[in-house]
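I am opening a notebook on this structure. The entries below follow the order in which I looked things up.

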Amino acid sequence: MGLVAQGYNVIVAERGDKALERFDAHSPALVILDVMMPGDLDGLDVCREIRTRGDVPIIILSARSGESQKVAALDLGADDYLTKPFGMDEMLARVRAALRRAPAGKAQEMTVFVAGDLNVDYLRRVVTKGGEEVKLTKIEYEILGYLTRNVDRVITHRQLLSAVWGPEYSEDTQLLRVHVGHLRQKIEDLPARPKLIVTEPAVGYRFRLS
Amino acid sequence: MAVVDSVEQIGKVAEPRSRRVEAVGLMWSLTAVALATFCFWCLRNYLDKGQASLLYLPVVIACAVRFGFSSAVVGAFVSFLCWDFFFLQPVFTFVVDDVRNWLSLIVFLIAAIVTSRLASQAKEQADAARAREEEIRTLYKASESLSREIRADHILPSLAEQLVNLSSAVYVMILHRIDDRWDVAACMPSSVTMPEPQKKLIRQISQVACEHDQVIGTSGNEFHWRRAIDDLLGPSHEPVGLYVPLHTEKGMVGVLHAGPRRGGGSFSALEEQLILTLSNHAATVIARQELAAQAAQAAALKEADTLKDALLSLVSHELRSPLAAIKVSASNLRGADSKLDEGLREEALAAIDIESDRLTRLVSNLLDLSRLEAGAWRPQKDWCDITDVVATVLDRLEPSQADRVQVNAAVDLPLIRADFVQIALVASNLIENALKYSTPGTTITVTLSPFDKIGALVRVDNIGEPVEGLEQQAIFDRFYRGKKHQNSTVHGTGLGLALCRAIVIAHEGVIFVTNTKTGPSFTVRLPIGAVAK
C-alpha cells in the first residue's frame, strides 16, 4: 500500500511457486521476500532460485525469532532485511537504497570511496581520515574494503569472514569482533558510538553512508 | 483394623512353626536323658539309689528352659522310667520292691513336672519379651530412617527398601491408586524387573484387595481371600505374596504389596506384623503427599489468578489507552476531513504513529517474556562485544535521547558469549528506563567494565529518585510498577525489567539495583560464557 502510494508498481505473489512464475513474467527491479512464506517453496528456496536468474536486489522480511533464516537468506545473496514489525518509512528507505545500488551492480569498479572525511583509495590501498593517513593492518584494510564496496548492504559474519580470511574461518566470529573493534578505533569519530560500520544484531555489519 | 486382624493371625501362624520346634526338642530331651542315664550307669557304684532321682532333675529343667514344657514332661517321664529300670531293685525290670523307692520316684515326677512348668513359662516370657524387643527395634529402625527422609518422593521408596531389608520378601512394591489407575509409587530393590503380565496380575489382585478391604496373603484371614485368588489364578498357583490395602481418611489410596518370601513358605508373625505396621506408615505418607499436591495446586492457581488480575489491569489500561487514542485520531481524520487544518491532521497522524509503536512494543515485550519464561527462546550465543551492543542500542534511539547517554567503556573489556539480540534488549530496556524515569535533562551513565576476568559488568546509572529497599526485588517482577509511578504520566507496563531478568538468568548472569547518592544504579553481570576457543 505504502509502496503503491510512492509510485512503485507492485506485483504480489502469495506463494513461492507463484513468486517465481511472476518474477519470470515481469522481471521486477526489486524483490521483497517473506522468509516465512507458505507453500512447498519457502522464502529461502525462492531467494536461491532468483539469485540463479540474476542480480536483482532482494529484501528479506522476517520475524524477530527468525534470526537463523534471515542469516541464511543473506548468505544466499539477499541484499537487506527488515524485521517485523517495521515502519513504512524504514521500508521505503531500504527500497530506495537497494535500488540506488542496483544499476552499478557487479560492474562497480570504483577506484576511490568517499564517506564524509573518510577516503579509501583502492588502487593505492591507502585510507585517509580528515586528510591524514590512517595506518591499518592488512586484515583491517580488507574488512574496510569489503564493507565499502558493498556500502549500505548487510554483510553477514560468514560472508565477511570468508572474504577476508577464507571460507575455513567462516565460523570464527570472535576473530571478526576483535578486528572490527580495532578498525572502529581507527576510523570512527566516536568508537563507542560507531556511525560508519554499524552492527546488525546477530547478522553482521553494514557500512552506512547516510 | 488391619492390626487387629494381624494379632489374631500371629497365634495361628505360630502353630506349625512351634510343632517343628517341639519335635526337635523332644529328640534333644530324649538324647539328654539317655546320655545322663549312661553317665549314672557308669557311676552306679558311687550313687545313692534313693537320692538319685534328684540327679535327673537338672537335666529335665534344662530341657524345659531350652525346649519348652512338653519336651520337659516327656523327659521327666522317660527319666522316671530309666531310673526305675536301670537303678532300682530289681534292676532291668519296671517292678519296684521298696515302697520308699516308689515314693521317691513319684516325688521326682511331680517335682520335675512342676519345675519344668515354671521354667518353661519363664522361658516363654523371656522369648516373648525378646520378640517384642526385636519387633520394636525393627520398627524403630524403620521409622527412624523414614523420618530422616525429608523429600516426600523419597519416603515411599525408602520405606519399601526398609521392608525388603527387614523382612524376607523378594521385593516390596507400593501402588498408588489414582481414580482407576494404579501407579507404582515405589518398587524395591530397584533391580527387580517384571514382565507385563505379572504387573497386570499385581494390579488385579490389588484391585481385589481394595474392593473387599481385605489383607491378602496372610495366613490369618486366608479364609477371606483364598477363593478370590483361586478364582483369579486357578487352584494351583504360585505364591502371590502379601497385599495390604492402604487406608486414609479419604478412603483407599493404594496397596502395599510384598512379594513372595525368599525361599518359599509363609511370612513369620513378626514379618507380617512389620509389613502391616509399615503399611500404615505408607498410607500416612501417601495421604500427606496428596495433601501437599493439593496445596501446591492451590498455590499455583492463586498465582495464576494474581497474574491474570495483573494482566487484566494491564490490558484495561496500557492496551486500551493507545487504542483509544488511535481510534479517536483515525475517526477525526476520516469523518471531519474538511474541518481539520493541517496542524491538527499532523497531530492526529503523529498520535496514531506513536501509539501504535507503543502497542507494538508492549505486545512484543509480552510475547518475548512468555517465550523466555516458557524456555522457547533460548539464547543463540555467539561472541559479543558489549560496547558494540550498547552502541547498537544507542543507534536506535532518537538522537536527542541518545545524546543524554554517556558510555564509559573499559579498554580491556572481554568479548562474552551471549545472544546479541537478547543482551541488546536488556541494554535498551535499562537505558530507556533510565531516560524515562530520571530527572529530565540529566545525563545517563553507562559503564562497561571487565569483572574478575570471568565476565563483564554493565552498569546504568541515572540521576533521579532512588529505588526503595523493599522495591529493589519487586521491580523485576512481571507487571510490577514502582509505587511512585503507578499513577504517574510516565507510561510503563512492568514488563521491561522482568524481561531483563529473564534474559540475564538465561545467560547465567545477575541483575540487581542499588542506589548511589544521586539515584538508582542498575548492574548486570554477565559471565564470559565459554572458555575462549
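In which loop of chain A is A:Ser27 found? I traced A:Ser27 to the loop between helix H2 (16-26) and strand E1 (31-34) of chain A. Helices (H or I, at least four residues) and strands (E, at least two) are DSSP runs, numbered from the N terminus.

Ground rules next. I am reading a predicted model, where local features need pLDDT of at least 70, side-chain atom pairs count only at pLDDT 80 or more, and totals for chains, interfaces and linings use all residues. Residues are numbered from 1 along each chain as its sequence is written, chains are lettered from A and ligands numbered from 1 in the order in which they are written, and side-chain values use heavy atoms, with hydrogens and water left out.

**Entry: backbone**

I checked the phi of A:Ser27 and found a positive value of about 35°, although this residue is not a glycine. At 55% relative accessibility, A:Ser27 is exposed. My scale is: buried under 20% relative accessible area, exposed over 50%, partly exposed in between (1.4 Å probe, protein chains only).

A:Ala202 also has a positive phi, near 65°. I located A:Ala202 in the loop between strand E9 (197-200) and strand E10 (204-207) of chain A. Its relative accessible area is 28%, so A:Ala202 is partly exposed.

In chain B I noted a cis peptide bond between B:Met188 and B:Pro189, with omega about -5°. B:Pro189 sits in the loop between strand E2 (181-188) and helix H6 (196-212) of chain B. For background, most residues other than glycine have a negative phi, and most peptide bonds are trans.

**Entry: chain A as a whole**

I listed eight helices and 10 strands in chain A. Of its 210 residues, 47% are buried.

**Entry: salt bridges**

I count a salt bridge when a side-chain nitrogen of Lys or Arg is within 4 Å of a carboxyl oxygen of Asp or Glu.

I looked up A:Arg158 and A:Asp75, whose side chains form one at 3.1 Å, N to O. A:Arg158 lies in helix H7 (residues 157-164) and A:Asp75 in helix H4 (residues 67-75) of chain A, so the pair ties together parts 83 residues apart in sequence. A:Arg158 is partly exposed at 37%, and A:Asp75 is partly exposed at 26%.

B:Asp127 and B:Arg130 pair at 3.3 Å, N to O. Both lie in helix H4 (residues 99-148) of chain B, three residues apart, about one turn of the helix.

B:Arg459 and B:Asp461 meet at 2.7 Å, N to O. Here B:Arg459 is partly exposed at 33%, whereas B:Asp461 is buried at 12%. I also noted a network in which salt bridges that share partners join A:Asp80, A:Glu90, A:Arg94, A:Glu200 and A:Arg206.

**Entry: where the chains meet**

How many residues does each chain bring to the contact? I found 24 from chain B and 20 from chain A, with contact meaning heavy atoms within 4.5 Å. The buried area is about 1800 Å², and carbon and sulfur atoms give 52% of this area. Buried area is the accessible area (1.4 Å probe) that two parts lose on being put together, summed over both. B:Trp383, B:Asp395 and B:Val421 supply 25% of the area that chain B buries against chain A, more than any other three residues.

I counted three salt bridges between chain B and chain A. B:Asp395 and A:Arg208 meet in a salt bridge at 3.0 Å, N to O.
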